[in-house]
Amino acid sequence: MAPTPPAQPLPGPSLDRLFRTARTHNEILGEVSDAQLHALYDLLKWGPTTANSCPARFVFVKSAEAKARLSPAMDEGNRAKTLAAPVTVIVAYDMAFYEKMPYLFPHTDARSWFDGKSQEDLRTICLRNGSLQGAYLILAARALGLDCGPMSGFNNAMVDEAFFAGTSWKSNFLVNLGHADPAKIFPRSPRLAFDEVAHIA
């Protein structure tokens, strides 16, 4: 059997869409269908996590009733743009994620690797991997033609009470989804150069 040829880089416009020209938007409007949200999850779910643990959980806040529950938890500067967005994703994590391990990692008893760990250790695992999955969501949304406004300006405890009371789910951060006008954002902020943040050992 011939060896599989190495993967080729994505074309420049795709890299622009995902990274170089992609922006965090404040004003996000338009429509996002339920079918788009299903397609979004079906793409982001393939991103890697520790032992395929997949601890992230997602609530797509779309209805007027759900937005009314979310609104009191928002910082004042984030409330109006969140209520105006067609969808706000609560990127959360499940502290009992290991209950799914027999399905997600069936070749060994992976559940035992996590069951019995302290709440602090589990939270570290959840935040690390759940944040990765939240980043996959942003990239998947951009790849599917949606604009994103990720943010952390909200009261986590209030969101948890409004949406996750009585469960093992905890909120991490929020992402507004929809379609933005690139003319309505200020010029892009700079990034640090390679030599400022990295070295090759």
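For side-chain classes I count Ala, Val, Leu, Ile, Met, Phe, Trp, Tyr, Cys and Pro as nonpolar, Asp, Glu, Lys and Arg as charged, and the others, Gly among them, as polar. I note that the model is predicted, so local features need pLDDT of at least 70, side-chain atom pairs count only at pLDDT 80 or more, and totals for chains, interfaces and linings use all residues. Residues are numbered from 1 along each chain as its sequence is written, and side-chain values use heavy atoms, without hydrogens and water.

Entry 1: the largest pocket. By class, I found eight nonpolar, two polar and three charged residues in the lining of the largest pocket. Strand 2 gives the largest share of that lining, three residues.

Entry 2: helix 8. I took helices as DSSP runs of H or I, at least four residues, and strands as runs of E, at least two, numbered from the N terminus. In helix 8 (residues 156-164), I found Val159, Asp160, Phe163 and Phe164 buried (under 20% relative accessible area; exposed is over 50%, partly exposed in between; 1.4 Å probe, protein chains only). These residues lie on the same side of helix 8, because they cover an arc of only 100° around the axis, taken from the directions from the helix axis to the C-beta atoms. The face turned away from the buried side carries the exposed Ala157 and Glu161.

Entry 3: the ends of helix 8. At its start, I found a side-chain oxygen of Asn155 within 3.0 Å of the backbone nitrogen of Ala157. After helix 8 comes Gly166, with a positive phi near 80°.

Terms used:
A polar contact is a pair of N or O atoms within 3.5 Å; within protein, one must be able to donate a hydrogen and the other to accept it, and residues adjacent in sequence count only if both atoms are side-chain atoms.
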